[in-house]
2 protein chains.
Amino acid sequence: MSSSNSPAEAGGAAAIDVDRALMATLARDGRASFTELAERVGLSVSAVHQRVRRLEQRGLITGYRATLDATQLGLPLTAFVSITPTDSQTDDAPALLAHLSAIEECHAVAGVESYILKVRVASPDALEALLKEIRSAANVTTRTAVVLSTSYEDRPPI
Amino acid sequence: MSSSNSPAEAGGAAAIDVDRALMATLARDGRASFTELAERVGLSVSAVHQRVRRLEQRGLITGYRATLDATQLGLPLTAFVSITPTDSQTDDAPALLAHLSAIEECHAVAGVESYILKVRVASPDALEALLKEIRSAANVTTRTAVVLSTSYEDRPPI
DNA sequence: TGTGAAAAATGGGGCGC
DNA sequence: GCGCCCCATTTTTCACA
């Protein structure tokens, strides 16, 4: 890989298609066996094993996760919280909020606000408490969009 | 489980802690072996196997996914798109937008706008094209927050 | 890279408690 | 609901092409 960036050098376009097929399959079923993957792409089990290990090492596959039902876990309420720092000097909201496990995602964004958080809580009361905690911990103002329903979530990028 | 909803009946609070530990472990490593899970919670492999199967059947574990690096897949640009229907009569934006694979999530929300989308694209040009497509396909106005950096994403709810 | 086979580990189910 | 035994399947590694 040090001598070329061209995908054509080491197997051609078909190799990329195979890798994409493997990733697409694993993105939808993270416990798919190598046997199943091998049948799907038409290669031997060990060839597939080798390819998947390389995808992991190269960081294309970053990990494997079980997905949990937040509602059944007692966290039926999802919201997007956009925050704006009050004090423009010390803008380290992500670090100040990292300990709040209700926060599932934290993105810095360009737009009216500085950060967007995705949070999951047990109830409106819990959301109110969380918002108060966010405001005081990170010295920010908040704007909240409560999720009413989710049409789709976690659709794989490929 | 049909005779009682009380967790205390079938093993007490410890059973819940074990299940939570299993879910927390699998949420972080979806390919953890039953042997590894058994060691972690101090039960036999078959007991763990039994518990995980029940968690799957009850829908607490909804599936297993490999997580992919969108940037390495050629989708380095993430954005949150808030949309408002122009025509208040036919508000079926999620269905009208489902075919756009760049849309990773679609939530109906209470707030200024009606829906929030999370999208991943290859470039600013691709984002512009996607926004045009969203507006014309679903008859909506859009407000976009481009993600500059992501502090954390996909933190498990437990 | 890919293939095939062999060794090590795991998955999956039944039985007694 | 848990622990133990058994066996099919899978994972993982190897030499060879």
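**Exercise 1. In this predicted model, which strand of chain A is joined to E5(B), and how do the two run?**

Step 1: Start from the chain A partner, strand E3 (residues 103-110), which is joined to E5(B) by 5 bridges.
Step 2: Check the direction; the two strands run antiparallel.
Step 3: Pick out a facing pair to look at on screen: A:Ala108 stands opposite B:Ser149 in E5(B).

**Exercise 2. How many residues does each chain bring to the contact, and what area is buried?**

Step 1: Take the residues: 58 come from chain B and 58 from chain A.
Step 2: Turn to the area. The size of an interface is often given as the accessible area lost when the parts come together. Between chain B and chain A, about 5600 Å² is buried, and carbon and sulfur atoms give 51% of that area.
Step 3: Find the main contributors in chain B. B:Arg31, B:Arg65 and B:Tyr152 lose the most area to chain A, together 15% of what that side buries.

**Exercise 3. Which polar links cross the interface of chain B and chain A, and what makes up the chain B side?**

Step 1: Count the polar contacts; 49 residue pairs across the interface qualify, both residues being at pLDDT 80 or more.
Step 2: Look at the elements on the chain B side. Those giving two or more residues include helix H1 (13-28), strand E1 (61-68) and strand E5 (140-152). The largest share, 10 residues, comes from E5(B).
Step 3: Sort that side by class: 31 nonpolar, 12 polar and 15 charged residues.
Step 4: In one of them, A:Glu105 pairs with B:Lys118, with the closest N and O atoms 2.9 Å apart.

Conventions: Residues numbered from 1 in each chain as written. Chains lettered and ligands numbered in written order. Predicted model: local features only at pLDDT ≥ 70, side-chain atom pairs only at ≥ 80, totals over all residues. Heavy atoms only, no water. Contact = heavy atoms within 4.5 Å. Buried area = accessible area lost by both parts, 1.4 Å probe. Salt bridge = Lys/Arg side-chain N within 4 Å of Asp/Glu carboxyl O. Polar contact = N/O pair within 3.5 Å; in protein donor to acceptor, adjacent residues only side chain to side chain. Helix = DSSP H or I, 4+ residues; strand = E, 2+ residues; numbered from the N terminus. Nonpolar A, V, L, I, M, F, W, Y, C, P; charged D, E, K, R; others polar. Pairing = 2+ DSSP bridges.
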